[in-house]
Amino acid sequence: MDDIGIIPREFGRDRAPSGLPVGAEVWLVPPGAVAAGGAAGVLDAEERDRAARLRRAADREVYVAAHTALRVLAGGYLGRAPGAVVFARLDCPGCGGPHGRPVLAERGDALHFSLSHSKGLALVAFAPVPVGADVEAVPEAGTVGQVADSLHPAERSELALLAGAERAAAFTRCWTRKEAYLKGTGQGLSGTGFADTFVGTGARPLPVPGWTLTDVRVPQGFAGACAVRTGAGAAGPAG
């Protein structure tokens, strides 16, 4: 994989999947993609309720788009209608509660997924092994200053050498890599993994033991990343 990272497929434009993936497959869900994909009204009652509780229309729109795309794509991989796809959650690795990494209730051992959305753009990754994906809009410089202390000390040192837009872009690269990895492991942001894991802020992510961590090519003003567990039977990312 070269420096541009994974080039994702685009939901609503590229051919829908049919059959389980061999390696990781990453999908971009841009604004308006759900209408183009022709699959409105597939969310279940819980998803519709969560969407309705979002106050901002833009937040509701991206939530509906992202979760509709997730259902359509998962249905394609499983050979099921989008509305027939059922989701569950693993136990939290920190507290043991039923709010860990989301999984498919059917064939969840053969098809893993991860969903992320930010500022109207969504990213979905599927793989035959645990996978994590994250997309984030590049924040203002002031926001970077407020949250950079949550990174690994070496990453904070790297950011200290940068300024302005370059620093914001490097921070966002680092953040998405780290969050993709922690979503893949199921740890999330609740433990110490965010500060303890070193993925770097440079043009390419640093290796993380047991995982393939790759940047994803997303529109300007965003950063994206995908993490795929490696090991016996595990395949690396594919565009």
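In the predicted model, the axes of helix α2 (residues 45-52) and helix α3 (residues 57-78) come within 9 Å of each other and cross at roughly 160 degrees. Angles over 145 degrees count as roughly antiparallel, and α2 and α3 are therefore roughly antiparallel to each other. The crossing of this pair, α2 and α3, is right-handed. On the α2 side, the residues that take part in the contact are Glu47, Arg50, Ala51 and Ala52. On the α3 side, they are Arg60, Tyr63, Val64, His67 and Arg71. Sorted by class, the contact of α2 with α3 contains four nonpolar, one polar and four charged residues.

The two helices belong to a chain with seven helices and ten strands. The chain has 239 residues, of which 46% count as buried. Contacts were also considered by separation along the sequence. Among contacts between residues at least 6 apart in sequence, 58% join residues at least 24 apart.

Several buried residues were examined one by one. Thr176 has its place in helix α6 (residues 164-185). Because its relative accessibility is 0%, Thr176 counts as buried. Apart from residues up to four places away in sequence, Thr176 touches Asp134, Val135 and Glu136, together with Ala223, Gly224 and Ala225.

Leu159 lies in helix α5, which spans residues 153-160. Leu159 also has a relative accessibility of 0%, so it counts as buried. When neighbours within four places in sequence are left aside, Leu159 is in contact with Ala148, Leu151, Arg167, Ala170, Phe171 and Thr201. Ala148 is eleven residues from Leu159 along the chain, and the C-alpha atoms of the two residues are separated by 8.4 Å.

Leu28 is part of strand β2 (residues 24-29). Its relative accessibility is 10%; a residue is buried when this value is under 20%, and Leu28 is therefore classed as buried. With residues up to four places away in sequence not counted, the residues that Leu28 touches include Pro8, Arg9, Glu10 and Phe11. Leu28 also touches Leu121, Ala122 and Leu123, as well as Val218 and Pro219. The C-alpha atoms of Leu28 and Ala69 are separated by 9.4 Å, while the two residues are 41 places apart along the chain.

Cysteines were considered next. A disulfide is a covalent bond between the sulfur atoms of two cysteines. The number of disulfides in the model comes to zero, where a pair of cysteine sulfur atoms has to be within 2.5 Å to count. Cys174 counts as buried because its relative accessibility is 0%. Cys226 likewise has a relative accessibility of 0% and so counts as buried.

Ala195 is found in helix α7 (residues 193-196). At 32% relative accessibility, Ala195 counts as partly exposed. Leaving out residues up to four places away in sequence, Ala195 touches Ser150, Leu151, His152 and Pro153. For one of these residues, His152, the C-alpha atom is 4.5 Å from that of Ala195, and the two residues are 43 places apart along the chain.

Ala163 is located in the loop between α5 and α6. With a relative accessibility of 56%, Ala163 counts as exposed, since the limit for this class is over 50%. Ala163 and Ala141 are 22 residues apart in sequence, and their C-alpha atoms are 8.6 Å apart in space.

Backbone angles were noted at two loop positions. Arg107 is in the loop between β4 (102-104) and β5 (112-118). Its phi is near 65 degrees, a positive value in a residue other than glycine. Arg107 is partly exposed, with a relative accessible area of 42%. Lys119 is found in the loop between β5 and β6 (121-127). Lys119 is not a glycine, yet its phi is positive, at about 50 degrees. At 73% relative accessibility, Lys119 counts as exposed.

Conventions
Residues are numbered from 1 along each chain as its sequence is written. This is a predicted model: local features need pLDDT of at least 70, side-chain atom pairs count only at pLDDT 80 or more; totals for chains, interfaces and linings use all residues. Side-chain values use heavy atoms; hydrogens and water are left out. Axes are lines fitted to C-alpha atoms, for helices over the stretch in contact, and angles run from 0 to 180 degrees between N-to-C directions. Helices (H or I, at least four residues) and strands (E, at least two) are DSSP runs, numbered from the N terminus. Angles under 35 degrees count as roughly parallel, over 145 as roughly antiparallel, 65 to 115 as roughly perpendicular and the rest as oblique. A crossing is left-handed if the near helix is turned anticlockwise from the far one by less than a right angle, and right-handed if clockwise. Contact means heavy atoms within 4.5 Å. Ala, Val, Leu, Ile, Met, Phe, Trp, Tyr, Cys and Pro count as nonpolar, Asp, Glu, Lys and Arg as charged, and the others, Gly among them, as polar. Buried means under 20% relative accessible area, exposed over 50%, partly exposed in between (1.4 Å probe, protein chains only).
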